[in-house]
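Q: I would like to go through this model with you, one site at a time. Shall we begin once it is on the screen?

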Amino acid sequence: MRKVLIFDTTLRDGEQSPGCSMNLREKLEVARQLEALGVDVIEAGFAASSGGDAEAVAAVAAAVKRPVICSLARCVRSDIDAAAKALSAAARPRIHVFIATSDIHLQYKLKMSRRQVIEAVRDCVSYAKSLCGDVQFSAEDATRSDRDFLCLVLSAALEAGATTLNIPDTVGYSTPAETAALVGYVREHVPGIENAVIAAHCHNDLGLAAANSLAAAVAGAGQIECTVNGIGERAGNAALEEIVMALKVRGDALGICTGVDTTRIYKTSRLVYAVTGSRAPKNKPIVGDNAFVHEAGIHQHGVMNDRRTYEIMRPEDIGISTDGMTLGKHSGRHAFESRLAELGYTPGKEELDALFEKFKELADRKKNITDRDLEAIASERFDRADIFTLDRFTVQAGNRSTPTCVIRLVKNGVRYEDVAIGDGPVDAAYKAVDRIISPPAHELYDYSIHSISGGKDALGEVTVKLRMKNGTVTGRGLSTDVIEASILAYLNAVNRMLEASDGENEQNRDI
Ligand code: KIV
Ligand code: ZN
């Protein structure tokens, strides 16, 4: 088996897509989880794009030591300086320089000639090399570029010191056969390419990203670039979980493996969904709720006799526990802690105390606490202490009365109470919160609610997304009471907005 490197760009290409913004703490949490998952390279951000990105790259570089930590940079010296500075604490830094090579990008975006592009590549890759031993070069829109020009650019990058050459399918245009042929062409026409790693970076506009990535790997690419849950520009990037599981399940046909610990895939996926405030479509390969569910009678019969009749992989392979054990109000701290550990969560003492308190609150309201409930509790985000928390609320609503909410919040031990009317109980509650906090101007552009597990006492999860002048924030709230979950989600988002405007992430594009 040949091993391909997994280059994860969830924190850069994934995070830059609409509605997927993460704050610094969340980026660090995702980076640590990616390290535990076993990816080879983490692209932590695009340092020159904003102060927030530079800070995130620096924080990941300081905290995460096993994988290579990479920052993106345009083919511009100031970008390369920003990347090198942000990576200064990294144990294994990589500067990733890119420029487009397709005529359409040269003419309409860069307004550069082919000769100018080659000169810029020579200059910038050698400059990056003078600052960092590990330099990756990407030819943006490679799959729509003139092949011979592409090879000239890649040769220039190689001569200037790049050790990884990436041929991205930036707009998800290629087919698997074309992708394989392009890798083969580059291998034949770039002298000395055997001294570099060829990378594939495929977008999913035609739903071919995973297939193209695998085709590239079979044709000789040594690095596959992907994101958790396939988040990314437009239709997203190639999904890490699809590529890794395809190579695990069909390694026999492909002859390739990865160093990823597949039993951590599910938890990683859930974490990324939690921090981006989104959910997997039920039928999403590998991580969707239905990925291991059998509905048709014939299928159920087959699976009861032998799971392999309709399952090509086991839920345990991606870290889903199948023992069906539940906890309840009499479960102690030890049982709670060890169940969390079995699910892959090992919080520190302080966080465990807070989680156990939440578990106890939930157990008072709900008889059986399932693994899905525990995962939801464990992936709750904890905010700073000096923020507004919910003390109590009362709503009055009905089809013939004006919805009203009285709410009491607490900050630094001080209580604040107000009342508001609204179009419904949630609207009234949000208006009452606004009256107390007076948050910066914003638009609530997304509100969603879903139940974590079945039954009338199911835990409800509300996600709200707010858009302000300088970015977006996501808030999440969990409760068996949907109004309470709605208030908690809004409060969580507003606190984040306040935290950001406090200055911590002042220059962030997305907060
Ligand atoms: O899609 C793309 O071309 C990219 C490059 C910057 C690598 O994300
Ligand atoms: Zn991309």
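Q: Is Asp141 buried or exposed?
A: The model is a predicted one. In it, Asp141 is buried, because its relative accessibility is 0% and the cut-off for burial is under 20%.

Q: Where does Asp141 lie?
A: Asp141 belongs to the loop that joins β6 and α7, the latter spanning residues 147–159. Its phi is positive, about 60°, although Asp141 is not a glycine.

Q: And what is the phi of Asn229?
A: Phi of Asn229 is near 65°, again a positive value in a residue other than glycine. Asn229 sits in the loop between β9 (223–226) and α10 (240–249). With a relative accessibility of 5%, Asn229 counts as buried.

Q: Turning to the metal, which protein atoms are donors to the zinc ion, ligand 2?
A: The protein donors are OD of Asp13, NE2 of His201 and NE2 of His203, at 2.0 to 2.1 Å from the zinc ion.

Q: What spacing do the donors follow along the chain?
A: The spacing is D-x187-H-x1-H.

Q: Are His201 and His203 buried or exposed?
A: His201 is buried at 5% relative accessibility, and His203 is buried with a relative accessible area of 4%. Both values fall under the 20% cut-off, so the two histidines are classed as buried.

Q: Now the other ligand. Which residues surround ligand 1?
A: The surrounding residues are Arg12, Asp13, His96, Phe98, Ser138, Glu140, Asn166, Pro168, Thr170, His201 and His203. Asp13, His201 and His203 are also the protein donors of the zinc ion.

Q: Which side chains have an N or O atom at 2.9 Å, 2.6 Å or 3.0 Å from an oxygen atom of ligand 1?
A: The side chain of Arg12 has such an atom at 2.9 Å, that of Thr170 at 2.6 Å, and that of His203 at 3.0 Å.

Q: How much of ligand 1 does the protein bury?
A: Ligand 1 exposes 260 Å² when taken alone, and the protein buries 95% of that area.

Q: Which elements give two or more residues to its shell?
A: Those elements are α1 (10–14), β5 (93–100) and β6 (135–140).

Q: A last topic, the surface. Which residues make the nonpolar patch?
A: Leu444, Tyr447, Ile449 and Val482 make a nonpolar surface patch of about 310 Å². Strand β14, residues 443–451, gives the most to this patch, with 3 residues.

Q: What about Leu444 in particular?
A: Leu444 is found in strand β14 and counts as partly exposed, at 34% relative accessibility.

Conventions
Residues numbered from 1 in each chain as written. Chains lettered and ligands numbered in written order. Predicted model: local features only at pLDDT ≥ 70, side-chain atom pairs only at ≥ 80, totals over all residues. Heavy atoms only, no water. Donors = N, O, S within 2.8 Å, 3.2 Å for Na, K, Ca; no water. Buried < 20%, exposed > 50% of the residue type's maximum accessible area, 1.4 Å probe, protein only. Patch = residues over 30% accessible without salt bridge, like charges linked within 9 Å, V, L, I, M, F, W, Y side chains within 5 Å. Areas by Shrake-Rupley, 256 points an atom, 1.4 Å probe, with all protein chains shown as cover. Salt bridge = Lys/Arg side-chain N within 4 Å of Asp/Glu carboxyl O. Helix = DSSP H or I, 4+ residues; strand = E, 2+ residues; numbered from the N terminus. Near = heavy atom within 4 Å. Polar contact = N/O pair within 3.5 Å; in protein donor to acceptor, adjacent residues only side chain to side chain.
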